[in-house]
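Thanks for making time, everyone.

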Amino acid sequence: MTARRLAPAAVLTAVLLAAGGAACAGDSEGGTAATSSSKRWRALSDANLSRTEVSAARVGGSIYAVGGFLPSTETTDAVERYEIDRDRWTQLAPMPIAVNHAAAAALRGKLYVYGGYTDSNFGPVTGALQRYDPKTGDWSLLPESPTPRAAAGLAAIRGKLYAVGGAAGGGARTTLEVYDVASGDWKAAPSMDVPREHIAAGAAGGELYVFGGRDGGKNLRTVEGYDPADRRWTRLSPLTTKRSGIAAARVRGKLVVFGGEELTPAGTTIRPVELFDPTEDRWRRLPGMRTPRHGLGGASLGRRVYAIEGGPDPGFAFSDAIEFLDVPRRMLRR
């Protein structure tokens, strides 16, 4: 793994601003290039780029890591594909719009990247929805959301994309907007109770879940669930650890939440990893991260969870690491 840091003054400036998000990947079974382990995180082949504030999602047998900051602090349009079976990285065609603090999700064989900041000074925000088709290698721009934002969450549920929370106009949002892939339309949905940015969002059992995040420079333990059928939010059991700049991944109907940074000048990145069971509204502890990071991407395949790139120290720090954990079978039983 290669990890890089800026000068302490730059890091201190960025501590209260930098974070990340990622969307959950699917949980279908598949092959893997590494030996199984349910006791600890293990490393895979390093990415070609060191980045932070990236987004990631799995489509089929590959994970796509997009956007973010490079060590030069440039906002990048770079896209890398990690082939799970081959443990191999390849750089692909860039996104139409370079973004950091975007959110990503996979739906029906395509990759979607939503929102983000478009420069390296945490602004302006965009409502752009960018789509990548792995079969053709082409990117396309879809209709923008009514509420541009960064550091939001994105999750796919039954042919629709749910864009939730995020930062715009200097403040955290409660906004939920839904994009119908078939019609190409955005529609407003009921807002969350708690304004939050730098969150993680995921879907399980046809419902949307939003984890942690921050508001006003303070990390949160808040968890809310949204049922599209009755258009209602519910407050759920909070995270064990306050965290923002985090990732989440779905594993057989449960959700793993990991990563993040503490928002103090002497803060650190967050090692503990948590597993949420939506059917029981219950949290359980998993092995802590091998390399704690914030602004990272997250994805999953089978029982395996992947932590992708991100900053190993608070603020502007960069990594090319991808590491995995196999969730123990006993923790996935109903």
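Arginine 108 sits in the loop between strand S7, residues 103–107, and strand S8. Its phi is near 50 degrees, which is positive, and this is not a glycine. Arginine 108 counts as exposed, because its relative accessibility is 62% and the cut-off for exposed is over 50%. Keep in mind that this is a predicted model.

Arginine 231 is partly exposed, at 47% relative accessible area. For context, most residues other than glycine have a negative phi, and most peptide bonds are trans.

From glycine 123 to proline 124 the bond is cis, with omega near -15 degrees. Proline 124 lies in the loop between strand S8, residues 110–114, and strand S9, residues 129–133.

Now the overall picture. How many helices and strands does the protein have? There is 1 helix, and there are 30 strands. Of the 334 residues, 60% are buried. Take contacts with a separation of 6 or more: 58% of them link residues 24 or more positions apart. The exposed surface comes to about 12200 Å², and carbon and sulfur atoms supply 46% of that.

The largest nonpolar core has 17 residues. Those with the most contacts inside this core are Trp41, Val256, Phe258, Leu286, Val305 and Val327. Which elements give two or more residues to it? They are strand S23 (247–251), strand S24 (254–258), strand S25 (273–277) and strand S28 (304–308). S23 brings the largest share, 3 residues.

S23 and S24 are antiparallel and joined by 5 bridges. Within that pair, alanine 248 has valine 257 of S24 as its bridge partner.

Stay with S25 for a moment. Aspartate 277 is in this strand. Is aspartate 277 buried or exposed? Buried: its relative accessible area is 8%, and the threshold is under 20%. Its side chain makes a polar contact with the side chain of threonine 279, at 2.6 Å.

First, S18, residues 207–211. Why call S18 largely enclosed by the rest of the structure? Because 4 of its 5 residues are buried. On one pairing, S18 runs antiparallel to strand S17, residues 200–204, with 5 bridges. Glycine 202 has tyrosine 209 of S18 as its bridge partner. S17 and S18 make a hairpin with 2 residues between them. Glycine 205, in the turn, has a positive phi of about 60 degrees. S18 also pairs with strand S21, residues 223–227, antiparallel over 4 bridges. There, tyrosine 209 stands opposite glycine 225. So tyrosine 209 is bridged to glycine 202 and faces glycine 225 in S21, because strands S18 and S21 count as paired once at least two bridges are found.

Second, S5, residues 79–83. Here too 4 of the 5 residues are buried, so S5 is largely enclosed by the rest of the structure. S4, residues 62–66, runs antiparallel to S5, and 5 bridges join them. Serine 62 stands opposite glutamate 83 in S5. S5 also pairs with strand S6, residues 88–91, antiparallel over 4 bridges. Glutamate 80 has glutamine 91 in S6 as its bridge partner. The hairpin of S5 and S6 has 4 residues between the strands, and aspartate 87 takes a positive phi near 50 degrees there.

That's the tour. Happy to zoom in anywhere.

Methods:
Residues are numbered from 1 along each chain as its sequence is written. This is a predicted model: local features need pLDDT of at least 70, side-chain atom pairs count only at pLDDT 80 or more; totals for chains, interfaces and linings use all residues. Side-chain values use heavy atoms; hydrogens and water are left out. A nonpolar core is a set of buried Ala, Val, Leu, Ile, Met, Phe, Trp, Tyr and Cys residues joined through side-chain atoms within 4.5 Å. Buried means under 20% relative accessible area, exposed over 50%, partly exposed in between (1.4 Å probe, protein chains only). A polar contact is a pair of N or O atoms within 3.5 Å; within protein, one must be able to donate a hydrogen and the other to accept it, and residues adjacent in sequence count only if both atoms are side-chain atoms. Contact means heavy atoms within 4.5 Å. Accessible areas come from the Shrake-Rupley method with a 1.4 Å probe; for residues, only the protein chains shown count as cover.
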